[in-house]
Amino acid sequence: MTQLTEVRRPAPRAPGPDRPRRATGHGAWFLVLPALLPILVLSVGPLLYGVLLAFTDAQSGRTEPTRWIGTLNFQDLMRDTLFWESFRIGLLWAVGVTVPQFLLALGLALLLDQKLRLRWLARALAIVPWAMPEVVVGIMWRLVYNPDAGILNETLRDLGLGDGRDWLSGLGTALPAVIVVGVWAGMPQTTVALLAGLQNTPRELHEAAAVDGAGPWRRFRTVTWPALRPVALAITALNLIWNVNAFALVYVLTSGGPGGRTRLPMLFAYEEAFRYGQFGYAAAMGCVMVAVISVLLAVFLAGRLRGGERT
């Protein structure tokens, strides 16, 4: 008769130096908690509190308790033409800063990726605006745009191009002047991200394309850009979010003037909350801004990802 033998599974090896012990579910949460707790306390908590505040009539200086008023703040906001005008200005600012910022940073990154003399010095100088606080940048550019003794107007006078103008107080020049400052201040981080993507591109691909007779533009289109596309997508999306939420730079330069021509949504919400004390109404503005920005960002990312799949 055939004897049946019992198949025994080998006993699991004890964890050693070459076999680390896997963290259990509770152990994994314990390890993640130190990093997760600050996010919950400093980001998620204030966000949820702001959403709840948007459904109340919270105001500063009132002695009566705060009441729950439902969607009344949002109904008033839908009829607030000043807010939607600020949103239009905010979109013009965001697009007007993000697009030139990316194009100029791409050109600078391509230049800094070449084997140039004193390349290290050029790279160090390229990130100087990044090391400066936004308040300092705003003060410096206010001096540049000064109508009486600013370097811009002095240069125009020396070239015989006019007597200069008050760039930050003119209705037609305030927003373009502020956009120029935003592009200058935001280029370094975009340049650094794109330069890192360029240096991760294998040099062998460029050499093979050059051997095949591909010119500079064709090598960029077929080798450089496909490798750089994920980095470009990520940094453009981040720049769009940062620029829509811009506050300090524009506040120092113009405080939203003249005549509200540079009043971005964040400036409008700030004035409602801390100048007029309408905390509930300002929180409703913040909720609408988050929702609209999320939708625009989702459409932007979906379009870019579909374009990347087609190519």
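Colleague: Where is Ser 255 found?
Modeller: Ser 255 sits in the loop between H11 and H12. Helices here are DSSP runs (H or I, at least four residues; strands are E, at least two), numbered from the N terminus. This is a predicted model, where local features need pLDDT of at least 70, side-chain atom pairs count only at pLDDT 80 or more, and totals for chains, interfaces and linings use all residues. Residues are numbered from 1 along each chain as its sequence is written, and side-chain values use heavy atoms, with hydrogens and water left out.

Colleague: Why is Ser 255 called partly exposed?
Modeller: Set the value against the cut-offs. Buried means under 20% relative accessible area, exposed over 50%, and partly exposed in between (1.4 Å probe, protein chains only). Ser 255 has 40%, so it counts as partly exposed.

Colleague: What is the phi of Ser 255?
Modeller: Phi is near 55°, a positive value in a residue other than glycine.

Colleague: Which peptide bond is cis?
Modeller: The bond from Gly 257 to Pro 258, with omega near -5°. Pro 258 lies in the loop between helix H11 (248–253) and H12.

Colleague: What makes Arg 275 and Glu 271 a salt bridge?
Modeller: A salt bridge needs a side-chain nitrogen of Lys or Arg within 4 Å of a carboxyl oxygen of Asp or Glu. For Arg 275 and Glu 271, the closest N and O atoms are 4.0 Å apart. The pair meets the cut-off, so the name applies. In general, side chains of opposite charge can pair when their charged atoms come close.

Colleague: How far apart are Arg 275 and Glu 271 along helix H12?
Modeller: They are four residues apart in H12 (residues 265–275), so about one helical turn separates them.

Colleague: Are Arg 275 and Glu 271 buried or exposed?
Modeller: Arg 275 is exposed, because it has 55% relative accessibility. Glu 271 is buried, because it has 10%. Salt bridges that share partners also join Arg 263, Glu 271 and Arg 275 into one network.

Colleague: How many salt bridges does the whole structure hold?
Modeller: Six. One of them links Arg 88 and Glu 85, at 2.6 Å from N to O. Both lie in helix H3 (residues 81–112), three residues apart, about one turn of the helix. Another pairs Asp 76 with Arg 79, at 2.8 Å.

Colleague: Why is Arg 79 called exposed?
Modeller: Its relative accessible area is 58%, so Arg 79 is exposed. Asp 76 has 30%, so Asp 76 is partly exposed.

Colleague: What makes a set of points a pocket?
Modeller: On a 1 Å grid over the protein atoms alone, a pocket is an open set of points where a 1.4 Å probe fits, with protein on both sides within 12 Å along at least five of seven lines. Lining residues have an atom within 4 Å of a point.

Colleague: How much space lies in the largest pocket?
Modeller: About 500 Å³. Of its 22 lining residues, the closest to the centre are Met 266, Gly 286, Cys 287, Met 289 and Val 290. H13 gives the largest share of the lining, nine residues.

Colleague: Which elements give two or more residues to that lining?
Modeller: Helix H1 (25–53), H12 and helix H13 (279–310).

Note on methods:
Points joined across faces, edges and corners; volume = space filled by probe spheres on them.
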